[in-house]
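Please read the following report alongside the sequence and the coordinates. It moves from the surroundings of one residue to the fold around it.

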Amino acid sequence: MAGGNWVYSFGAGAVGGDASMKNLLGGKGANLAEMASLGLPVPPGFTITTEVCTAFYDNNRNFPDGLKGEVDAALEKVGAAVDRRFGDANKPLLVSVRSGARASMPGMMDTVLNLGLNDETVAGLAALAGDERFAFDSYRRFIQMYSDVVLEVEHHEFEEILETYKEENDFLLDTELSANDWRQVIDGYKKVVETSWGKPFPQDPQEQLWGAIGAVFSSWRNDRANTYRRLHNIPESWGTAVNVQAMVFGNMGETSATGVAFTRDPSTGENEYYGEFLINAQGEDVVAGIRTPQPLTKRAKDAMGETAPSLEEAMPAAYEELIAVFDKLENHYRDMQDIEFTIQDTKLWMLQTRNGKRTAKAALKIAVDMCNDGLISEEEAVMRVDAHSLDQLLHPTLDPDAPRDQLLTGLPASPGAASGEVVFNSDEAERLAQEGRKVILVRVETSPEDIHGMHAAQAIVTARGGMTSHAAVVARGMGRPCVCGAGELRIDKEGGHFSVSGRTVNKGDVVTVDGGAGKVFLGAVPTLQPELSGDFASLMQWADKGRRMKVRANAETPHDAQVARDFGAEGIGLCRTEHMFFDAERIIAVREMILSENEAGRRAALDKLLPMQRSDFEEIFKVMAGFPVTVRLLDPPLHEFLPHSDDEIEEVAKASGMDSEKLKDRAHKLQEFNPMLGHRGCRLGVSYPEIYEMQTRAIIEAACAVAKETGDKVTPEIMVPLVAKREELAFLKERIDAVASAVKAEKGADIDYFVGTMIELPRAALTADDIANDAEFFSFGTNDLTQTTFGLSRDDAASFLPDYLRRNIFERDPFVTIDEDGVGALVEIAAERARKTRADIKLGICGEHGGDPDSIRFVETVGLDYVSCSPFRTPIARLAAAQARLAK
C-alpha cells in the first residue's frame, strides 16, 4: 500500500491512489491522485484516509498509533519536491488542509489555507516571493481561517476589525492595503484570538497542522454536515478523508489568479466552458462571494455585460492551457467536471476535479449530448440522471404573458420559478414552512449554517456571491430557484425589510423569484407547467427500454388520470373511491348511507350514489384507454365522513327524511376511539355488503359502457381493502362475482375483471399463501403497512420522527423510503408465499414508496410486477425502475 497504512501521497512522481479509491481516499483525494497520474500540474501532497476518521471517532477523538510518523514522512516528501521545509524560517513549506468525503458536500466541512505561517516564516515567505504585502496578506488570511475553523473564534470578529481599519484609512478594497497595513490588522487579529481563546495564536507549525487535521475530522459531525447528509442520504459511517497539499498562491499580484470552472454549463448543460476567477486572490474569495468574480470566457463576459476582462483576455496563455486540461479531464472521466485552479505567477496549477453538481435540466442535456456524441452508452446516460432530481424538471416557469413588476436583477444561479413571503433568517423560514406557508429566503449571503432554511424555502435570493457561491451550488442541488449577487439589494434585518432602488419590501410581503432569468418581482406572478419533450423524451425512451417493472399511477379523477397518461403511466394502480365522495353534493348521500339504521335506508342512499360512481369510472376508463385500472373499494375511516355541526346534520335529515335528533345520536354512537384501526375497509363491507355491491355494479356497468362505446378492452381490477383473513376476502368476493355476473347478463357483455386485495396488515403478509387462494392480485399498501408494522400513526409521528432521525434511530423516514428490514421483509415473505399458491399472481406496490427511487430499487430486487405512484412522480418512477434493473 503506497505510503503505509493511513497516508497516501500524490504528485511529484508519487502515485499512491487513483479515482477508483473514493471510499478510502474520499472524492477529492482520489481525483487529485488520478490527475497527477494523468500528468497534469497538481501541487504535491498526501491524503489521510477515511479509515482514520472512523478510528478517530471510535477512539474518543484521538488519532491512531503510527499516524504521526506517516504524516511526518509524507510532509518531508512534499517539502523535498518543492524545495521547502515545514517550519523552516527561510524556506517555509506552507500547506492547505481540506476535507474530502466520498460524496461531494460543497461547503459543508472545513478548509484551512496557508498553514505553516507564523511570525518567523512570514518573513521567509516575503523574501522568497520578493513581496512583503503578499506574505502578510496570506498570514492574516491564515489567522482568520485557522481561528474560525480550529479555535472556534467567530469569523465576524475578524471581519469587523478589517472593515473598521479600511473605513478609518479610506480603503475600499482589500487589495489597497500595504504590508504595513496588514501588520496592524494582524496585531488586531492576534488580540481577538487571545481574548476569545485565552491563549496566544499558535506559532508552532506542527501544533497548527494537527489542530487543523483534528478540526476537519471533527467537522464531519458538525450541524451543517449532519443536515446535509440527512438531506442527501449520505451515511455517517463513510467518514471523510483529509488532504494536505503544498500551497500555490493566486494572491501573488497581477500575474496570479484563482478560479472555479465547469467543463459545461451546470445550469443548462450547454457545451460551453463556464466559470469565474479573480486576479490576485485565494480560492475562498471566489466561492465566499466577498468579491464579485469575473467570467472565464469572453463570450460569457459579453453576454453578462461585464466590463472587467475575462481570463481569456487577461491571461491568454494560461487560459489556453486550462482549456486543454478541461478537454483532457472531460474525455478521461466521460462526465462534466467541476475544477478548481490557481495561477501562480503565470503558471497553472490544478487543485481539484470532481464530477460537477448540476441541475436536473443540465444533467439531462449532458447525458443525452454525451450519448449522441458516442462518449457514453444509452444505459450509462440513463444511470447519469438522478431520478430524485427529475422533480426539478417538472418545475414551473413564469407565464411570459403575465404582468410583472420587476424589483431587482441578479445572477441566474438556479432555475425554476416560485412565489412566497419574504423572510430573512433560516430558523424562521423553517418554522413558517412547517406551518404550511410558502417562504422566500432573502440573505446577504448564505453559509452552510443556512442549509435547513434553504431546504424549507421555495426560493433563495442573496445580495452577494457569484454563480459558484454556496447559495448557488446548494440551491441547484436542491432544485430551488435562486438569484445570487443582487448587488443593489440592501437588507435591514433589524427593521425587517429590504430596499432596492428606492423601493422597500417588508418581511411577509410576497415576491416571485425567476431563478432561470435571475430576476425578482413584487407580488405573485402566475407560472406555467413544463413541457416534457426533446432530451427528456429521449432519456425516457432509453429508460423504458431498460426497465422490467411497469409503472402505474394513483389517480381518482379524470384530470389526474390524464396527467398520469401524459407522463407515461401504464395504468392506474390505485383509484381510491372514498376520495370521490368528498364532493359537496355527494357527501350528504354518503352520510345518509352511513347513518341509516337499516339496509333499506342504506340502499336508498346508495341508489343516489350509483349513477355518480358509474360516471366517475366511465371517465377514468376512457382516459386510460385499455390500460389496467385498479379500483379500491370504499375504505373510509368513518370519522372523516360523519357530520360534525348541527347544519351538516340538518342537511342529512332533509335528504333522508330522518329525525335530526336521531341522526345526532346515531353519529355519536359511530364515533370511534381509533378510527384508523376501526370500522373501515373490508370490515365495512362485511357489515354492509350492499356498499361494495353498489360499487361493483358501478365499475362493471362503466366497463361495459366504455368497451361498447370505444372498442377498447377494459379490464377493471377490483381491490378489497384491509383484508386480514382469507375468509373476509372470500365472503366479499362471492358478492362481487354475483353482481358482476348479473350486470354482464343484463348488458349482454363479456368483460374480464380481476378481484384482489391490498396487503396493508402484517397478518395478511404472513398468511399471503392462504389469501392468494381467493386473490388474483396483491397490491402492497405500504403507507398503512408501515403504520401497522411500526405501530406508528403517520399523521402523529411527524412530531417525534425528527428526533429519531437526528439521533440516528431511523436512518431514513420510513414513510418516505421503505423500511427494508421490517416492512420490506413482510413484502418479500408475502410475495414468496403468494407465488407458491398462485404462480401467476400479479404483485404491485401503491403506497407513497412507489415514487421513491430508493424504495423502487428494493421493489426491483423482490421482483414485483409494477409500482404505482402519484401522477407527477411517474417519470421519476420510470427512470428509477430502469436504473434499479440496470444496476442489478
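Leaving aside residues up to four places away in sequence, Gln787 touches Met676, Leu792, Ser793, Arg794 and Phe815, where contact means heavy atoms within 4.5 Å. This is a predicted model, in which local features need pLDDT of at least 70, side-chain atom pairs count only at pLDDT 80 or more, and totals for chains, interfaces and linings use all residues. Residues are numbered from 1 along each chain as its sequence is written, and side-chain values use heavy atoms, with hydrogens and water left out.

Gln787 belongs to helix 31 (residues 782-790); helices (H or I, at least four residues) and strands (E, at least two) are DSSP runs numbered from the N terminus. Gln787 is buried, its relative accessible area being 14%, where buried means under 20% with a 1.4 Å probe and protein chains only. Its side chain makes a polar contact with the side chain of Asp784 at 2.8 Å, a polar contact being a pair of N or O atoms within 3.5 Å, of which one must be able to donate a hydrogen and the other to accept it.

Eight strands close into a barrel with parallel pairing, in the order 25-26-27-28-29-30-31-32, and two strands pair if DSSP finds at least two bridges between them. Strand 29 (residues 754-759) and strand 30 (residues 777-780) run parallel and are joined by three bridges, and Met758 stands opposite Ser779 in strand 30.

| Helix | Lies across | Angle |
|---|---|---|
| Helix 34 (residues 820-837) | strand 30 and strand 31 (842-845) | about 180° to strand 30 |
| Helix 36 (residues 874-887) | strand 25 (550-554) and strand 32 (866-869) | about 155° to strand 25 |

Terms used. Buried means under 20% relative accessible area, exposed over 50%, partly exposed in between (1.4 Å probe, protein chains only). Axes are lines fitted to C-alpha atoms, for helices over the stretch in contact, and angles run from 0 to 180 degrees between N-to-C directions.
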